[in-house]
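Here is a short tour for anyone meeting this structure for the first time. Take a look, then read on.

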Amino acid sequence: QVQLVESGGGLVQAGGSLRLTCAIVSRGIYTMAWFRQAPGKEREFVGAISATTASTYYADSVKGRVTISRDNAKNTVYLQLNSLKPEDTAVYYCAAGANVRTMPSEWPYWGQGTQVTVSS
């Protein structure tokens, strides 16, 4: 079983930064992803990091503004958000799975999400 707990969300002004954290309780090491869901919109892929090589993959909409990293010794994955825009406002979720996929349905394990609100 895998448990994921996100933290680090909050209210930030446009242009600001936040670092989200996903704490992982698991016996294995998984490929991890971040998704986000804005009100009235579908959940969208933000980026992912592979289990062992830590290769990263980002959605075009956030590329250059976000960085995903992981510390397997601490069972933690991070999402660094920079140059935030009001359209980045969403609930951010971490997910765990076997492979990098952009569809939410491909990820079996999810956290409860953390709210990020960017004011203009």
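## The core

A nonpolar core, as the word is used here, is a set of buried Ala, Val, Leu, Ile, Met, Phe, Trp, Tyr and Cys residues joined through side-chain atoms within 4.5 Å. Keep in mind that this is a predicted model. Its largest nonpolar core has 32 residues, and the members touching the most others are Trp 34, Leu 79 and Tyr 92. Who supplies this core? At least two residues each come from E3, E4 (31-37), E5 (44-49), E7, E8, E9 and E11 (114-119). Strand E9 gives the largest share, with five residues. As a general point, nonpolar side chains in soluble globular proteins tend to be buried together.

Let's zoom in on Leu 79. Leaving aside residues up to four places away in sequence, Leu 79 touches a group that includes Trp 34 and Tyr 92. Also among its contacts are Leu 18, Leu 20, Val 46, Val 66 and Ile 68, along with Arg 19 and Thr 67.

## The disulfide

There's one disulfide in the structure. It links Cys 22 and Cys 94, with 2.1 Å from S to S. The link is right-handed, at 55 degrees about the S-S bond. Cys 22 sits in strand E3 (residues 18-25) and Cys 94 in E9, so the pair ties together parts that are 72 residues apart in sequence.

Are these two cysteines buried or exposed? Both Cys 22 and Cys 94 are buried.

## A four-stranded sheet

Now for a sheet. Four strands make up an open sheet in the order E1-E3-E8-E7, and their pairing is antiparallel. At the edges are E1 (3-7) and E7, each pairing on one side only. From one strand to the next, the twist averages 15 degrees.

At the E1 end, five bridges connect E1 with E3, and the two run antiparallel. Leu 4, for instance, is opposite Ile 24 of E3.

## Two loop residues with positive phi

Finally, two residues in loops. Asn 75 isn't a glycine, yet its phi is positive, at about 50 degrees. You'll find Asn 75 in the loop between E7 (66-71) and E8 (76-81). It is partly exposed, with a relative accessible area of 37%.

Ser 83 isn't a glycine either, and its phi is also positive, near 50 degrees. This residue is in the loop between E8 and E9 (90-97). Ser 83 has a relative accessible area of 42%, so it counts as partly exposed.

Definitions and conventions: Residues are numbered from 1 along each chain as its sequence is written. This is a predicted model: local features need pLDDT of at least 70, side-chain atom pairs count only at pLDDT 80 or more; totals for chains, interfaces and linings use all residues. Side-chain values use heavy atoms; hydrogens and water are left out. Buried means under 20% relative accessible area, exposed over 50%, partly exposed in between (1.4 Å probe, protein chains only). A disulfide is a pair of cysteine sulfur atoms within 2.5 Å. Contact means heavy atoms within 4.5 Å. Two strands pair if DSSP finds at least two bridges between them. Axes are lines fitted to C-alpha atoms, for helices over the stretch in contact, and angles run from 0 to 180 degrees between N-to-C directions.
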